[in-house]
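Please read them with the coordinates open beside you.

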Amino acid sequence: MAIITYREALNQALREEMRRDPRVFLMGEEVGLYQGAYKVSQGLLEEFGPKRIIDTPISEAGFTGVGIGAAMVGLRPIIEMMTFNFALVAIDQIVNQAAKILYMSGGQYNVPMVIRGPGGPAHQLAAQHSQSMESYFYHVPGLKIVRPGTPKDAKGLLKSAIRDDDPVIFIESELLYGTKGEVPDGEYTIPLGVGEIKREGRDVTIVAYSTMLLLALQAAEDLEKEGISVEVVDPRTLRPLDTELIIESVRKTNRAVVMESGAGFGGIGTVIGEIISEQAFDYLDAPVERVTGANAPTPYAKNLERAKAPSKERVVAAVKKVLAI
Amino acid sequence: MRTLERKELVDLLRQMLLMRRFEEKCAEMYTMGKIGGFLHLYIGQEAVATGAISVLRPDDYVIASYREHGHALARGCDPGKIMAELFGRADGLCKGKGGSMHLFDKSHNFLGGHAIVAGQIPIGTGAAFASQYEGKDQVTLCFFGDAAVNQGVFHEAFNLAALWHLPIVYICENNRYGMGTAVERATPIKELYRRAEAYGIPGEAVDGMDVLAVRECVGLAVERARRERIPSLIEAKTYRFRGHSMADPGTYRTKEEIEREKQRDPLVLFRNHLTAEAMLKESDWKALEKEVRATVEEAVRYADASPEPPVEWLCTDVYVSER
């Protein structure tokens, strides 16, 4: 086991998959000469050359479409969004084209591509660079959505996403790039659609992913000191969603808190909460509680930004609420 | 371009005639309720797809908009499977899941009909990118209408194709109206081929009612793309004789205008040309008509005989991994 950053883990995944399969290429803004806006593609231009590490103009809809066309005829593109907020410029290509071509063609043409980049709030990036974009995509049949929270998951899931035959939305986080964690030595992959219990507990289940996972783990540690045992379930992939793992945990703890960094109204947490209510209603001792971002654009001011995001205090309060403490 | 033999010329005529009779039948089937949704007919524009696609090799790629029945036929897709798709049947090209606007045929490298205006332009550009990436000498023909040139991705795709020297020929079928909006009401520069200047690539206009002129012009552009990796924009000036879709009230143009344009019916023009060149006798034409009508009738029979797709197919082909 080596301890590396989330950024390095992604870099290793890209490197290994590009060595493994000549059809894989990386395309996006500043991925080559600049070494990546967040240095995820550092050194890749040197190893693979400009044919496979392709700098683009600022043209998200254009190069996302190019990726779709290339994927339809046999290549395996990785399209980098400098931040996932920019994917909104390409949303027609992603939602109307990439997600539907397999279906519209009656199964003839698939689109094996990964669209990846950071999403969610970071450090004072303000309204247009802070959105938790998974909630824009989870509604769309045909897309898979991955939101890894640890270096190990980031590497194993990115490798699986690149090998996957469907379009995969792979959302990283500016806040996680520098975080460190253990990563297995040698070749490994983590299948899409399989979550993981990140901390075992008895009293309450917190469902959290990406940056919210770290917050949940911190809250769980604090609550442990108060004698409250929290189980933290990380779905890792939001579509397909490992509902079995979530339900199993809730049936054990009888209480659930669902977290997400984005605005709560219509967020992915509504779906997870609904699934829990549907499939574990008889096991619940309290209504599902949600801890989400406020229903406002992300503000710039430090104090307002902090107030917009879920905090450890709010997680602790939510856990106590479902425990009726 | 080499001169075509009589047989090849008659093949072009047969192709255009098949498109015409096939779509006249589609209109009839739509009125009978056998075809639903939106039905956009290509009638009047047949010379464009026929001439352009006739220069391709089987391994080249074709991608088009939602007005793509003609392109699919020209590419060699089975008329029965196309009709079955329009009927929403299990034996349709796309198992009845695509419909009129989304015909795809992998066996003919037909990358589909796409129904978001201009949405197919970057995708076609991606197919050309893949050919270049893999060192193959395939060419992509990317068809779209005049209204597509005002969408953002038109610009983005052209910029990328020119920047990366991709082997693609963009064919803008200027039928003078984006739905009900005339070209001059949509863009200040009416010579759409001149858009190419902005990207430093060749742009040319061609008479889209003249199948041989289209063939010549696109043929040169395809060779340029294949050998020199120079993308081109061809503006085929044409006219749609029918409404935008079957639901078109036709309030935006006059009957006189349509009648005037019909004087330049590409099918009649080419038939007259071949007759004048002594390559087509009245009896040849009658034989073609008979043959094509039989093909269309057979397509309808095939589509009628095909069952509806089973309900179990509803959620298949959403993900490869869940097929």
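1. Two residues are taken to be in contact if their C-beta atoms, placed from the backbone, lie within 7 Å. With that cut-off, 79% of the contacts in chain A between residues at least 6 apart in sequence join residues at least 24 apart, and the corresponding figure for chain B is 75%.

2. This is a predicted model, in which local features need pLDDT of at least 70 and side-chain atom pairs count only at pLDDT 80 or more, whereas totals for chains, interfaces and linings use all residues. Residues are numbered from 1 along each chain as its sequence is written, while chains are lettered from A and ligands numbered from 1 in the order in which they are written.

3. On overall dimensions, the radius of gyration is taken over C-alpha atoms, and the globule rule is 2.2 Å times the number of residues to the power 0.38. Helices (H or I, at least four residues) and strands (E, at least two) are DSSP runs, numbered from the N terminus. Chain A has 12 helices and 14 strands; its radius of gyration is 19 Å, close to the 20 Å that the rule gives for 325 residues, so chain A is as compact as a globular protein of that length. The C-alpha trace of chain A spans about 60 × 40 × 40 Å along its principal axes.

4. On burial, a residue is buried if 20 or more other C-beta atoms lie within 10 Å of its own, exposed if 12 or fewer, and partly exposed in between, with C-beta atoms placed from the backbone. By this count 58% of the 325 residues of chain A are buried, and 53% of the 323 residues of chain B.

5. In chain A, an open sheet of seven strands runs in the order β3-β2-β4-β5-β7-β6-β12, with mixed pairing, where two strands pair if DSSP finds at least two bridges between them. Its edges are β3 (53-55) and β12 (237-239) of chain A, each of which pairs on one side only. Neighbouring strands are turned by 20° against each other on average, direction ignored; axes are lines fitted to C-alpha atoms, for helices over the stretch in contact, and angles run from 0 to 180 degrees between N-to-C directions. Within the sheet, β4 (residues 76-80) and β5 (residues 114-118) of chain A are parallel over three bridges, and A:Ile78 has A:Val114 as its bridge partner in β5(A).

6. Which strand of chain A is largely enclosed by the rest of the structure? Strand β11 (residues 230-234) of chain A is, because five of its five residues are buried. In a regular strand the side chains alternate between the two faces of the sheet. Here A:Val230, A:Val232 and A:Asp234 point one way, and A:Glu231 and A:Val233 the other way. Strand β9 (residues 196-199) of chain A pairs with β11(A) in the antiparallel sense over three bridges, with A:Arg199 opposite A:Val232. Strand β10 (residues 204-207) of chain A pairs with β11(A) in the parallel sense over four bridges, and A:Val204 has A:Val230 as bridge partner.

7. In chain B, six strands form an open sheet with parallel pairing, in the order β2-β1-β3-β4-β8-β7, and the edge strands are β2 (110-113) and β7 (203-207) of chain B. The twist averages 15° from one strand to the next. Helix α5 (residues 120-133) of chain B packs on this sheet, touching β1, β2, β3 (140-145) and β4 (168-174) of chain B, and its direction makes about 175° with that of β3(B).

8. As for the contact between the chains, 33 residues of chain A are in contact with 34 residues of chain B. The largest share of the chain A side, 10 residues, comes from α3(A). That side divides into 15 nonpolar, 15 polar and three charged residues, where Ala, Val, Leu, Ile, Met, Phe, Trp, Tyr, Cys and Pro count as nonpolar, Asp, Glu, Lys and Arg as charged, and the others, Gly among them, as polar.
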